[in-house]
Amino acid sequence: MRPRAAGLAGTWAGACLLLAALLFAPVHAQQTREDFARSLPASDFTSGHVRDDAKHFLAAPGFANARVAANPPAAGAQPVGEKVCIACHQLESEHFTHTLHALGLHAAAQADASVPVCESCHGAGSEHARDPTGKGLIIGYTRGSATPVQQQTEVCLSCHAGGAREHWAGSVHQRNALSCSDCHNPMANFSGQGLLARRSINDTCAQCHQDVRQQFGRRSHMPLAEGQMSCADCHNPHGTLTSPLLKTATVNETCYTCHAEKRGPFLFEHAPVRESCLNCHTPHGSNQHALLVAPVPLLCQQCHSQLGHPNDLQTPASLANGAHPDERLIGRACLTCHAQVHGSNAPSGPKFHE
Ligand code: HEC
Ligand code: HEC
Ligand code: HEC
Ligand code: HEC
Ligand code: HEC
Ligand code: HEC
Ligand code: HEC
Ligand code: HEC
Ligand code: HEC
Ligand code: HEC
């Protein structure tokens with residue numbers, strides 16, 4: 001029994017090998033530059049937002065089309081190739097090896113030797129190699145490098161224009177002379193995804209927006225500090241049509257992406273909710289309950305003061321342990337009775353009681 005089984009297995013393995021060789025050999029021989037680019041892994045770090053993966057990949061012309069970046073201060077420079085750069089920049093090159101660009105550019109360069117690697121971002125290197133301290137002879141991306149910020153961003157945008165960066169030109173970050181490299185460091189995998197300059201999106205933004213990051217430490221906040229969401233869930237740092245860099249056309253649309261139940265429709269709408277969630281809430285953190293801008297009943301009394309019971313002045317005597325306890329201050333104050341403050345679908349809910 002045994003020898004026969006082994007023989008059978010051997011025949012099978014042989015047959016499989018032969019089949020595999022027949023199937024794959026011709027394909028491999030015909031593989032073109034484009035095939036290499038297409039066989040690269042698509043990157044995906046959409047943090048929950050719907051995106052067509054195929055379109056996402058097409059947003060960059062791809063690595064196969066990489067060209068030596070233009071660098072006017074070293075107009076006469078010739079490309080020298082990756083090996084020459086590595087000879088002097090061993091450490092940087094080692095960190096770079098495991099990044100998406102390195103994988104892509106190396107694959108493309110393998111298929112077509114004219115595809116540059118380092119020089120697709122840094123420009124032709126012969127003059128820099130001859131005179132490494134010469135200002136501007138290589139395209140630098142660090143603050144203090146001689147390359148103007150606009151020239152830096154143009155190199156990146158030569159492959160990354162459009163898509164999420166449709167509104168980069170004129171955006172508040174572009175106008176304030178941020179470079180792509182303020183948020184991205186393509187030289188190493190500092191972040192799990194997105195080649196960010198810091199460990200996470202939130203850390204990357206906090207380099208400059210410390211104050212906003214602090215607000216997420218207040219008593220009431222959405223779970224950003226806890227790592228459940230990021231600044232980029234609401235903002236597109238590359239620029240948008242909605243100030244301040246909101247991903248959607250209005251504040252409310254941004255909130256509805258997660259709090260869909262607040263969109264309604266409601267039989268009885270509360271006007272300020274439809275207008276803007278920010279009439280009552282602050283997005284980054286509050287020391288009031290539920291991210292409110294002011295405590296209830298003061299919140300409600302900012303608008304409801306003209307007639308009827310909302311108008312009464314509430315004093316310490318109206319507190320539960322005061323001389324004249326008032327239900328509008330006890331427990332959940334106005335919300336004790338007007339519980340459905342975002343809108344109601346109950347036939348008897350015009351005053352948001354239910
Ligand atoms: C002969 C050695 C040598 C070679 C070859 C070389 N470099 Fe450099 N490079 C240096 C030195 C030294 C510095 C630091 C210069 C300074 O501090 O002013 C430097 C600096 C840089 C910088 C920072 C410039 C800035 O303004 O921030 C970049 C980027 C760079 N090199 C990229 C490259 C690339 C890409 C190649 C290949 C095309 C390359 N280098 C080839 C020696 C070399
Ligand atoms: C996708 C574009 C891209 C490619 C490809 C690329 N770099 Fe860079 N490189 C950058 C950016 C952006 C920075 C600035 C990073 C930062 O903020 O510190 C940089 C920084 C550098 C620096 C300066 C580091 C410092 O601390 O001043 C050197 C040196 C360098 N790159 C060498 C190389 C070499 C060598 C290769 C090829 C093996 C290469 N780069 C490929 C984009 C690129
Ligand atoms: C030769 C074209 C080319 C150049 C130049 C280039 N990239 Fe890329 N980059 C790509 C391709 C292709 C991808 C992979 C497909 C994608 O994510 O769009 C990519 C991916 C990325 C990603 C996503 C990484 C991930 O993990 O999903 C970031 C961020 C990025 N590039 C930033 C930059 C920055 C910043 C520069 C300029 C310093 C730059 N790129 C220059 C072609 C390029
Ligand atoms: C203010 C910070 C910031 C600046 C400046 C910035 N980015 Fe980004 N970028 C991010 C963040 C954060 C993400 C991740 C977004 C997400 O997960 O939704 C990202 C994602 C990306 C991606 C991958 C996802 C995608 O949209 O395809 C690319 C490519 C990219 N950026 C390129 C660039 C280029 C090119 C520039 C310069 C023109 C640039 N970025 C400037 C913060 C920035
Ligand atoms: C290198 C510094 C820097 C980094 C990093 C940075 N920003 Fe900014 N950001 C700025 C500057 C400068 C302004 C303009 C401030 C002003 O006008 O008061 C700004 C403005 C903004 C605004 C306000 C826009 C407006 O119209 O008022 C938002 C929102 C914003 N940034 C979000 C982000 C997010 C999200 C990130 C991380 C992905 C980020 N920023 C990373 C420097 C930075
Ligand atoms: C839940 C959605 C959301 C998240 C998450 C979020 N923001 Fe905002 N952000 C907003 C909204 C909405 C506004 C407009 C506030 C206003 O007009 O009063 C805003 C305003 C801003 C502004 C301009 C006004 C100001 O308060 O300075 C900056 C800068 C900013 N955000 C940065 C950030 C940064 C950095 C992070 C991450 C640490 C972040 N945001 C996270 C929704 C968000
Ligand atoms: C990316 C998803 C996301 C977006 C966008 C978002 N939220 Fe939230 N929000 C959350 C999560 C997650 C929680 C925590 C829910 C929990 O703890 O049960 C939360 C909680 C809240 C709370 C209750 C906080 C508390 O202390 O009880 C309020 C109020 C709130 N969000 C308002 C808003 C407003 C206003 C916007 C628009 C500016 C918004 N959210 C946009 C995810 C989001
Ligand atoms: C008129 C003031 C007001 C407006 C405008 C408003 N809210 Fe609220 N919201 C409140 C109050 C008050 C609470 C606390 C309710 C409680 O304690 O039961 C609350 C609580 C919340 C909560 C946490 C409890 C829950 O019901 O899930 C979320 C999430 C929330 N609001 C989201 C939103 C969103 C999204 C918008 C915009 C579409 C919005 N709110 C507009 C007053 C308002
Ligand atoms: C930003 C202003 C604003 C705030 C804050 C606000 N409201 Fe309103 N509220 C309105 C407006 C405007 C209407 C619609 C009035 C109308 O239709 O005549 C309204 C309607 C109402 C109604 C129905 C009134 C009617 O005549 O049918 C109730 C009840 C109510 N609000 C309760 C509250 C409570 C409770 C709070 C606090 C949690 C609150 N409101 C906070 C502006 C506000
Ligand atoms: C003990 C329950 C209760 C509390 C607490 C309460 N309300 Fe009312 N509220 C009602 C009832 C019941 C009505 C309906 C009266 C009617 O239809 O004639 C009403 C009606 C209203 C109206 C509609 C206008 C009017 O005068 O008829 C507004 C606005 C309002 N309340 C706001 C508030 C505010 C703001 C607070 C907190 C300061 C509050 N209410 C606290 C029960 C309450």
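The following dialogue treats how to read several features of a predicted model.

Student: How are the residues, chains and ligands labelled, and which pLDDT limits apply?

Tutor: Residues are numbered from 1 along each chain as its sequence is written, while chains are lettered from A and ligands numbered from 1 in the order in which they are written. The model is predicted: local features need pLDDT of at least 70 and side-chain atom pairs count only at pLDDT 80 or more, whereas totals for chains, interfaces and linings use all residues.

Student: How many helices and strands does the chain have?

Tutor: Helices (H or I, at least four residues) and strands (E, at least two) are DSSP runs, numbered from the N terminus. Here there are 17 helices and 0 strands.

Student: What share of the chain is buried?

Tutor: A residue is buried if 20 or more other C-beta atoms, placed from the backbone, lie within 10 Å of its own, exposed if 12 or fewer, and partly exposed in between. Of the 354 residues, 19% count as buried.

Student: Which elements do the buried residues of α9 pack against?

Tutor: Two residues are in contact if their C-beta atoms lie within 7 Å. Helix α9 covers residues 149–160, and its buried residues are Q152, T153 and V155. These cover an arc of only 150 degrees around the axis, which puts them on the same side of α9. They pack against α7 (119–122) and α11 (180–183). After α9 comes G162, with a positive phi near 80 degrees.

Student: Which residues of the largest nonpolar core touch the most other members?

Tutor: A nonpolar core is a set of buried Ala, Val, Leu, Ile, Met, Phe, Trp, Tyr and Cys residues joined through C-beta atoms within 7 Å. The largest has 19 residues, of which L105, A108 and V115 touch the most other members. Helix α6 gives this core its largest share, 3 residues. Another core, of 8 residues, lies apart from it and includes C180 and C234.

Student: Which residues are closest to ligand 8?

Tutor: A residue is near a molecule if its C-beta atom lies within 6 Å of it. Ligand 8 is surrounded by 17 residues, the closest being C255, K262, C277, C280 and A290. Both α14 (251–256) and α15 (271–275) give two or more residues to this shell.

Notes:
Expected span 1.5 Å × (residues − 1). Arc of directions from axis to C-beta.
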